[in-house]
Amino acid sequence: QRRTLVDPEPIRRQAEHLLRGSGRRRGYWDDYESCGDDDELKRLVESAIPFLEAGDGRNALRILEPIADTFVKDWTNYRYTHDDEDMYLLFADLGNLFAEAILSADISMDERRNWVDTTMEWQAELDEYGVEDGFGVATGAADQGWDDSELQKVLNGQSNEATWKTDDRWDDDQLTEIRLRVLERQRKSDEYLNLAMVSGEKSRYATMLV
């Protein structure tokens, strides 16, 4: 893993620059038209992926946090008034990457609580502007981590019931998929198989067996 921490401020400035150039003119919206910088913003978000693949969730978080914070502020102040589906969908990507980074990082319980508060605050702001598929998955990842006792029983093969899951099936399914991806990367095949079986992911279970 990378020994030095990524500096988030240049990433924040780059995100602000890209969002300023993506349709907004002179501080307000007029004849909105995507300028092509949306793809650049997606690439900036995806710059966290190599860190995730290396198991460096902490640095992935240091990349994703300034992007998400800037994006939420931009959306609630300017962008929400326009039908920008590509950018709307980017919130779901950000939420999923955040969840994966949290589950990949070696962070304390206090840090996880802080991420619960941060992601809930972002989502509360987005809820007011019609963005439902945002940071709910990330909040679930930060809240549960890997410590949930019922989840641990499943991972250790001591239970065949997914009692740790919430009433939000979509978030739970997404979070399970992310957990499996992290377990596969960490080469925890037994835990992967146990979670896949209990969660009804039969194709993933069979693929791991092969």
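Is Glu 150 buried, exposed or partly exposed? In this predicted model, local features were required to have pLDDT of at least 70 and side-chain atom pairs pLDDT 80 or more, whereas totals for chains, interfaces and linings use all residues. Residues are numbered from 1 along each chain as its sequence is written, and side-chain values use heavy atoms, with hydrogens and water left out.

Glu 150 is partly exposed, with a relative accessible area of 26% (buried denotes under 20% relative accessible area, exposed over 50% and partly exposed the range in between, for a 1.4 Å probe and protein chains only). Its side chain meets that of Lys 153 in a salt bridge with an N to O distance of 3.6 Å; a salt bridge requires a side-chain nitrogen of Lys or Arg within 4 Å of a carboxyl oxygen of Asp or Glu. Lys 153 is likewise partly exposed, at 36% relative accessibility. Both residues lie in helix 8 (residues 149-155), three residues apart, about one turn of the helix; helices are DSSP runs of H or I with at least four residues, strands are runs of E with at least two, and both are numbered from the N terminus.

By the salt-bridge rule the count comes to 14. Lys 73 and Asp 69 form one of these, their closest N and O atoms being 3.2 Å apart. The two residues are four positions apart in helix 4 (residues 57-77), and are therefore separated by about one helical turn. Lys 73 is partly exposed at 46%, whereas Asp 69 is buried at 15%. A further salt bridge joins Glu 177 and Arg 204 (3.6 Å, N to O). This pair links distant parts of the chain, with Glu 177 in helix 9 (residues 169-185) and Arg 204 in helix 11 (residues 202-209), 27 residues apart. Glu 177 and Arg 204 also belong to a salt-bridge network that includes Glu 100, Arg 181, Arg 185 and Glu 201.

Eight aromatic pairs are present (ring centres of Phe, Tyr and Trp, the last by its six-membered ring, within 6.5 Å; planes under 30 degrees apart are stacked, over 60 edge-to-face and the rest tilted). The ring centres of Phe 91 and Phe 135 are 6.4 Å apart and the planes meet at 75 degrees, so the pair is edge-to-face. Phe 91 lies in helix 5 (residues 85-104) and Phe 135 in the loop between helix 6 (109-127) and helix 7 (136-144); the pair therefore ties together parts 44 residues apart in sequence. Trp 122 and Phe 135, with centres 5.0 Å apart and planes at 50 degrees, form a tilted pair. Trp 122 is buried at 3% relative accessibility, and Phe 135 at 0%.
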